[in-house]
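Trainee: I would like to learn how to read a model like this one. Please take me through its features one at a time.

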Amino acid sequence: WGLRIRTTKTGQGFKQSQHQMREIVNLQGGQCGNQIGLAFWKTINEEHGIDKDGSYIGKHDVELERIGVFYKETMSSAKYVPRSICFDLEPGVIDKIKKSEYGNLFAPSGLLNAQSGAANNWAKGHY
């Protein structure tokens, strides 16, 4: 949570308003969670005018109005990176995300997997 104070000029001077900034971190786990999560980010990208590599390609100011809720803006390249952590025991699903057309959208540090999966063995995955 952060508090941002915005000063706007009115006809009679300046007016201050307070806006609470909200940041959402998306957690995607397992094959199903990561597949649904990828579809979620495709939709959010369309709504905010973000390209597959994180560049803003929108046409309306309203698209950027609350972009900080879901994305972090990079300082070096002016791109938007989802606040998302994708994890799975098997590398296959995470590798598919990395190799997909949206692979460059995610921060590499947010794509986590184990060296091998649980192979449908609950006990192996649990311990």
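Trainee: Which side chain does Asp53 meet in a salt bridge?

Mentor: First, the ground rules. This is a predicted model, in which local features need pLDDT of at least 70 and side-chain atom pairs count only at pLDDT 80 or more, while totals for chains, interfaces and linings use all residues. Residues are numbered from 1 along each chain as its sequence is written, and side-chain values use heavy atoms, with hydrogens and water left out. A salt bridge here is a side-chain nitrogen of Lys or Arg within 4 Å of a carboxyl oxygen of Asp or Glu. Asp53 meets Lys79, with an N to O distance of 3.1 Å. Helices (H or I, at least four residues) and strands (E, at least two) are DSSP runs, numbered from the N terminus.

Trainee: How many salt bridges does the rule give?

Mentor: The count is 3. One of them joins Lys52 to Glu101, with the closest N and O atoms 3.1 Å apart. That pair links distant parts of the chain, 49 residues apart: Lys52 is in the loop between helix 1 (30-48) and strand 4 (71-73), and Glu101 is in the loop between helix 2 (91-99) and strand 7 (111-113). Lys52 is partly exposed at 36%, and Glu101 is partly exposed at 49%.

Trainee: Which residue forms a salt bridge with Glu23?

Mentor: Arg83 does, with the closest N and O atoms 3.5 Å apart. Here the partners are 60 residues apart, Glu23 in the loop between strand 2 (13-21) and strand 3 (26-29), and Arg83 in the loop between strand 5 (80-82) and strand 6 (84-88). Glu23 is exposed, at 53%, whereas Arg83 counts as buried, at 17%.

Trainee: What is the strand order in the open sheet of 3 strands?

Mentor: Two strands pair if DSSP finds at least two bridges between them. The order is 3-6-7, with parallel pairing. Strand 3 and strand 7 are at the edges with a single partner strand each, so one side of each has no neighbour in the sheet. The twist averages 15° from one strand to the next. Strand 6 and strand 7 run parallel and are joined by 3 bridges; Cys86 stands opposite Leu111 in strand 7.

Trainee: Which strands does helix 1 touch where it packs on the sheet?

Mentor: Helix 1 touches strand 3 and strand 6, and its direction makes about 140° with that of strand 3. Helix 2 packs on the sheet too, touching strand 3, strand 6 and strand 7, at about 160° to the direction of strand 7. Axes are lines fitted to C-alpha atoms, for helices over the stretch in contact, and angles run from 0 to 180 degrees between N-to-C directions.

Trainee: Which residues of helix 2 are buried?

Mentor: The general idea is that an α-helix has 3.6 residues a turn, so residues three or four places apart point the same way. In helix 2, Val93, Ile94 and Ile97 are buried. Seen down the axis, the buried residues fall within an arc of 95°, so they line one face of helix 2; the arc is that of the directions from the helix axis to the C-beta atoms. On the other side of helix 2, Lys96 and Lys99 are exposed. The buried residues pack against strand 3, helix 1, strand 6 and strand 7, where contact means heavy atoms within 4.5 Å.

Trainee: Which residues touch the most other members of the largest nonpolar core?

Mentor: A nonpolar core is a set of buried Ala, Val, Leu, Ile, Met, Phe, Trp, Tyr and Cys residues joined through side-chain atoms within 4.5 Å. Among the 16 residues of the largest one, those are Trp41, Ile50, Phe70, Tyr71, Phe106 and Leu111. Helix 1 and helix 2 each supply at least two residues, and helix 1 gives the most, with 3 residues.

Definitions and conventions. Buried means under 20% relative accessible area, exposed over 50%, partly exposed in between (1.4 Å probe, protein chains only).
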